[in-house]
Amino acid sequence: MSGDQVFIFDTTLRDGEQSPGVSLNVDEKLEIAKQLARLGVDVIEAGFPVTSQGDFQAVQTIAREVRGVAVAGLARTNFADIDRAWEAVQYADQARIHTFIATSDIHMQHKLRMTREQVIQAAVDGVKHACKYTDDVEFSAEDASRSDMGFLCQVLEAAIAAGATTINIPDTVGYATPQEWGKFIRTIRQQVKGIEKAIVSVHCHDDLGLAVANSLAAVAEGARQVEGAVNGIGERAGNASLEEVIMSLRTRRDFYHLGTRVNTKEIYRTSKLVSNMTGMAVQPNKAIVGKNAFAHESGIHQDGVLKERTTYEIMNPVMVGITYGNIVLGKHSGRHAFKDRLAQLGYVLDGEDLNKAFTRFKDMADKKKEITDHDLEAIIEEEILSVPATYELTYLHISSGSTVVPTATIGLRHCDEVIEEASCGNGPVDAICKTVDKITGISCRLVSWGINAVTSGKDAIGDVNLKITADGKRIYSGRGVSTDILEASARGYVSAVNKMIYEKNNGRR
Ligand code: KIV
Ligand code: ZN
């Protein structure tokens, strides 16, 4: 282990997936895991295998198919959880079992109903059991930040003696402050016997907006693994945003004197993929990956940047993979130019995928003079990075206005046949949803609907993100892009229905 490296533990697929309204299928998780491997994280926590068959399958698929990275499965300290976690992760290049139990009085009394002695015993038994399977065992003391320090040190010491190689200290409820958290980690490193045998890790939540600051304060005090999620998603206010942690260490290397093995040029693409697949939009002013993170609005700033970029930019956007060039494609652009530009953006397409994307591009270029890189990304994310389409939108006609009942007429292609239906609704989007339901025979409820402009201008592409449910429990996100926001809504709705069908058929159309 090199002392000047910080290991990046990504929990986008486990804690991140615990974000309200987020639910990813196996294919989506695999796609994200492959991108995380390209990004160069050290550990992918792929899920909590005992919680559902879907989670188990996702962890197992990732462990089998994603190489060059450690894959972790979460487990409580009971043996059934640990056995199931091992069953799922065993095929990984490096298989990690991550076992946890709460150590704060609040959690022990009210949630676990266990005494301190019982908790120490459970931690030791769990770690020892996990060590029978793998020598890569991580132990977490849930709610560590609100635990009694003396007791916490006792638990950690026992877990290390039982064989844990990574000791994770979570601020489960996002209660800590940076100075206090730095001191907390320092005390643990000073007081826990055997601590030098383990990597000290932190896992900070963002309830007070301090998750990244707390993670960095811990790193300054010797923590060498940081857990977090892409775009900072996760339970409640989320986890530490990994791209912010990584770029802080990179940009302020002069201060931390530490590095990661992450390829920062993959950050932007990873962020886009996660936001697209989870349906969780990134706020425009989000550090590192927000739409405005490198945009300069005021005249003074623009003037400064034009004279010398570093006047107002501490990072070069190219470093995080934002490479918008001057080439703008339009309706006269050929297949070759289209394919080349996509390759420069990191999407290598051939065959059927290229045909599909090119047709969609031509279609859009007829309505919009200039197709920018942002537009191209939106096309690819909707057309190529989604599940296979059981239904495809072929046409849409909307009649709407202040004096007419909104009506949608829609044609969807299904098994080489175009099925047409029409319905009225409370508004045009409602009419679209009802019409699609009529065609598919699945009655869904629209849980949320939101729109962003991909680029600026009157002919900007509208990017609709929506969520639907059929049973009131499982939620599916969908995304559609078009210069016409109603068409984007229809595309988004159909893509969410396709996901639902795909999952119900266990990954078949
Ligand atoms: O927030 C937390 O404490 C967790 C643990 C399971 C690591 O997510
Ligand atoms: Zn957590």
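Start with the cysteine sulfurs. Taking a disulfide as a pair of cysteine sulfur atoms within 2.5 Å, the count comes to zero. A disulfide is a covalent bond between the sulfur atoms of two cysteines.

Before going on, note the ground rules. This is a predicted model, in which local features need pLDDT of at least 70, side-chain atom pairs count only at pLDDT 80 or more, and totals for chains, interfaces and linings use all residues. Residues are numbered from 1 along each chain as its sequence is written, chains are lettered from A and ligands numbered from 1 in the order in which they are written, and side-chain values use heavy atoms, with hydrogens and water left out.

**Stop 1: two cysteines**

Select cysteine 153. Its closest cysteine sulfur is in cysteine 204, 17 Å away, so the pair is too far apart for a bond. Cysteine 153 is buried, at 5% relative accessible area. Here buried means under 20% relative accessible area, exposed over 50%, and partly exposed in between, with a 1.4 Å probe and protein chains only.

Now select cysteine 424. The closest cysteine sulfur belongs to cysteine 433, and at 14 Å it is too far for a bond. Cysteine 424 is partly exposed, with 45% relative accessibility.

**Stop 2: the whole chain**

Zoom out and switch to cartoon. The protein chain holds 17 helices and 14 strands. These are DSSP runs numbered from the N terminus: helices are H or I with at least four residues, strands are E with at least two.

Colour by burial next. Of the 509 residues, 55% are buried. The accessible surface is about 22000 Å², and carbon and sulfur atoms own 50% of it. Areas come from the Shrake-Rupley method with a 1.4 Å probe; for residues, only the protein chains shown count as cover.

Then look at contacts, meaning heavy atoms within 4.5 Å. Take those between residues at least 6 apart in sequence: 65% join residues at least 24 apart.

**Stop 3: loop residues**

Select threonine 172. It sits in the loop between β6 (166-171) and α7 (178-191). Threonine 172 is buried, at 14% relative accessible area. Its contacts, leaving aside neighbours within four places in sequence, are Glu142, Asp143, Ser145, His205 and Arg236.

Move to serine 147, in the loop between β5 (137-142) and α6 (149-162). Serine 147 is buried too, at 8%. Beyond neighbours within four places in sequence, serine 147 is in contact with Thr103, Ser104, Glu142 and Leu152.

Next, asparagine 231. Which loop holds asparagine 231? The one between β8 (225-228) and α9 (242-251). Asparagine 231 is buried, with 12% relative accessible area. Its phi is near 65°, a positive value in a residue other than glycine. Leaving aside neighbours within four places in sequence, its contacts include Ser241, Glu243, Ser271 and Lys286.

Compare arginine 113. Its phi is near 50°, a positive value in a residue other than glycine. Arginine 113 lies in the loop between α4 (105-112) and α5 (116-131). Is arginine 113 buried or exposed? Exposed, with a relative accessible area of 66%.

**Stop 4: a helix residue**

Finish at threonine 278, in helix α11 (residues 267-278). Threonine 278 is buried, at 3% relative accessible area. Show its contacts: Val22, Leu24, Ile233, Lys467 and Ser477, not counting residues up to four places away in sequence. Then pick glycine 16. Threonine 278 and glycine 16 are 262 residues apart in sequence, and their C-alpha atoms are 9.3 Å apart.
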